[in-house]
Amino acid sequence: YGFINTCLKSLVIEKYGEETWEKLRLQAGVQDSFLTFEVYKDEITMQLVDKACKILGVPADTVLREFGEYFFEFCKRSGYDHMLRTLGGNLYEFIENLDALHSYLSLSYQASTEVLFLFVFPQEMNAPSFRVEKHEDGSMHLHYYSDRRGLCHIVPGIIGAAALDFFNIEISMEIVDQTEEEERTGKKEHIVFLVTQNPVFSYKERNEFSSSPQYLAESEKQIENQLNKEDLEKAKNTVRDRGSSVCPVKKSHWKTIRGIITLGKGKLLRGFDPVYPKSLWIDAKTFCNGLPFHMVFDKELRVKQAGVSIQKIVPGLQTTGICLDHYFSIVHPEVPFTISSIQKFINSQFVFQTRREMMPESWKQRPMLELRGQMIWMESLQCMLYLCSPLLRTLHELEERQMHIADIAPHDVTRDLILLNQQRLAEMELSNQLERKKEELRVLSKHLEEEKKKTEALLYAMLPQHVANQLKEGKRVEAGEFKECTILFSDVVTFTNICAQCEPIQIVLMLNSMYLRFDRLTTVHDVYKVETIGDAYMVVGGVPVPVPTHAERVANFALGMIIAAKGVQNPVSGNPIQIRVGIHTGPVLAGVVGEKMPRYCLFGDTVNIASRMESHGVPSKIHLSSSAYQCLKYKNFEMTGRGEIEVKGKGKMHTYFLIRNKTATENEIMGRP
């Protein structure tokens with residue numbers, strides 16, 4: 001499920017940052033987000049783990065162990081804390097009941113799950129299985145069975161985190177055996193861990209208690225000596241009296257419990273010894289009716305007795321002595337149908353499924369019935385008791401098998417689970433729909449953001465950014481005065497003649513080729529493109545953001561224009577086009593004109609003079625006014641005087657030609673590497 005991949009993503013982001021996750025997912029070729037209850041392929045998780053090892057430079061077992069530790073915390077934060085905490089009172093019980101947790105989750109998620117504290121995998125995969133053996137020295141052998149290889153290193157991470165958090169003990173786990181499990185079908189991997197545990201004391205506990213075995217033993221004796229011997233004797237007498245009584249009354253019963261649990265001073269008894277009747281006070285008929293889904297079979301799998309409901313569904317069970325494996329197959333755990341295999345996995349929950357060929361004709365068109373329950377070995381009878389219930393998830397599954405709630409015993413919580421799970425599945429479907437909508441909104445939001453950036457880029461290409469932002473906010477843009485800036489005009493020599501001899505499309509292609517080169521240069525030299533009209537191109541330096549180097553920027557841009565124009569072909573002659581460039585420096589007034597297709601325009605005599613410098617210029621030359629010359633005079637530019645010329649509307653003016661930049665190379669001028 002996506003829950004796993006979401007956890008892995010959270011781990012990477014939390015410990016290594018967003019950039020590492022982005023790099024990881026791109027290399028793994030997976031999406032950025034995962035739906036919690038959506039089933040994803042195993043390959044996605046394995047690919048993410050593999051790429052994480054390479055990117056982080058750590059071995060797979062380290063990554064998996066770290067993931068296991070983090071996954072435990074992730075599950076707790078996701079609301080599974082109480083479910084995990086109540087599995088057992090100690091680590092042994094906790095591990096022993098993991099398979100039961102898997103079984104419950106398979107009902108909740110309506111799929112077989114591979115869950116190692118919710119380590120969930122798709123429906124066609126089998127759940128891992130755990131078997132634990134406790135030794136006298138306190139160590140344990142944990143047997144881990146799984147369909148997929150290479151994930152066993154997650155187990156120490158999760159089990160270790162659970163031991164520390166729930167039971168305040170530190171454990172060490174090492175692999176002592178790793179084989180192909182022959183006893184289980186499907187050739188599952190079988191890993192045996194040696195689990196050793198040591199108590200963990202807080203600083204305060206270390207001051208109050210000694211962790212030495214001698215101290216603990218002495219403390220135990222002192223506690224036992226403090227117990228009220230008189231109350232203990234009373235409790236024993238009460239138990240003895242109850243054992244000999246034929247019809248114990250309720251008062252006597254509770255006295256017994258109080259006598260066993262509380263010994264006068266509120267001390268808890270360190271052990272518990274159950275009391276059994278001398279004979280069983282229930283007859284066979286009541287037993288079979290009260291437990292309608294149960295079976296007793298011997299070492300040869302011969303059925304000795306069965307509950308009434310299971311007899312009704314599988315009539316063959318009414319024949320005493322028939323072989324159980326003729327009518328049922330074991331679905332979980334995947335073991336051969338022999339008494340020795342069942343005894344080996346007796347702590348696991350067993351799931352039986354009816355065999356279609358042995359069912360009555362009326363059942364053959366229905367889905368097969370599955371039973372889930374526990375095995376209890378009865379040593380005195382040399383028989384196995386299978387206490388079970390129908391494995392049903394929803395009312396729909398109940399109806400498919402033409403069964404009713406009444407077929408299940410009133411005390412059996414399966415009745416409640418079916419009804420509750422029906423509601424839960426509806427809630428999960430609603431949750432899935434909400435998650436899908438959330439994901440759709442996230443994708444749409446991402447696309448909207450991308451489109452917004454494109455729109456802004458287009459807007460900022462037409463107007464200065466601060467002006468565009470003011471207009472977006474509905475504010476009025478005031479005209480601004482700039483005391484000194486440098487303006488450039490350029491046009492194509494003999495453009496009118498070229499237009500007369502060419503097709504319009506050829507003119508468009510020529511101008512587009514030229515303007516693309518010029519536009520790139522505006523970025524290189526950080527000048528503002530004001531507008532283009534036909535073949536005329538206008539830029540300004542020092543507007544809309546005043547800068548002291550406005551003249552140098554425009555001068556370098558002009559030198560780049562002359563070089564770039566040589567790469568544009570004249571569609572008439574086939575030769576490179578020629579351009580005239582004019583530059584002038586002076587004050588201007590700048591502002592936005594109009595509401596529809598607004599433009600950022602420059603006003604003032606400086607604009608007119610710059611235009612005159614261009615129109616009175618020489619092909620492939622950069623014509624400078626005297627003010628522009630003064631700004632560039634001491635800036636490492638080579639310039640030559642043109643002398644006085646008659647300028648229309650301005651009279652005689654002393655002008656100059658810009659030749660080159662003495663310190664910059666052509667590649668630097670053109671912005672090439």
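Mentor: Let us begin with helix 20 (residues 504-525), which contains Val508; a helix here is a DSSP run of H or I with at least four residues, numbered from the N terminus. This is a predicted model, in which local features need pLDDT of at least 70, side-chain atom pairs count only at pLDDT 80 or more, and totals for chains, interfaces and linings use all residues. Residues are numbered from 1 along each chain as its sequence is written, and side-chain values use heavy atoms, with hydrogens and water left out.

Trainee: What makes Ile505, Val508 and Leu509 a nonpolar surface patch?

Mentor: A patch of this kind joins nonpolar side chains (Val, Leu, Ile, Met, Phe, Trp, Tyr) within 5 Å, from residues with over 30% relative accessible area and no salt bridge, a salt bridge being a side-chain nitrogen of Lys or Arg within 4 Å of a carboxyl oxygen of Asp or Glu. Ile505, Val508 and Leu509 therefore count as one patch, of about 300 Å², with areas taken from the Shrake-Rupley method with a 1.4 Å probe, only the protein chains shown counting as cover for residues.

Trainee: Why is the set of 54 residues called a nonpolar core?

Mentor: Because a nonpolar core is a set of buried Ala, Val, Leu, Ile, Met, Phe, Trp, Tyr and Cys residues joined through side-chain atoms within 4.5 Å, where buried means under 20% relative accessible area. Leu48, Leu91, Phe94, Ile95 and Phe193 touch the most other members of this largest core, and helix 4 (residues 60-85) gives the largest share, 10 residues.

Trainee: Which residues does Leu91 touch, leaving out those up to four places away in sequence?

Mentor: With contact meaning heavy atoms within 4.5 Å, Leu91 touches Met140, Ile159, Ala163, Phe167, Ile169, Ile171 and Val195.

Technical notes: Buried < 20%, exposed > 50% of the residue type's maximum accessible area, 1.4 Å probe, protein only. Helix = DSSP H or I, 4+ residues; strand = E, 2+ residues; numbered from the N terminus. Patch = residues over 30% accessible without salt bridge, like charges linked within 9 Å, V, L, I, M, F, W, Y side chains within 5 Å.
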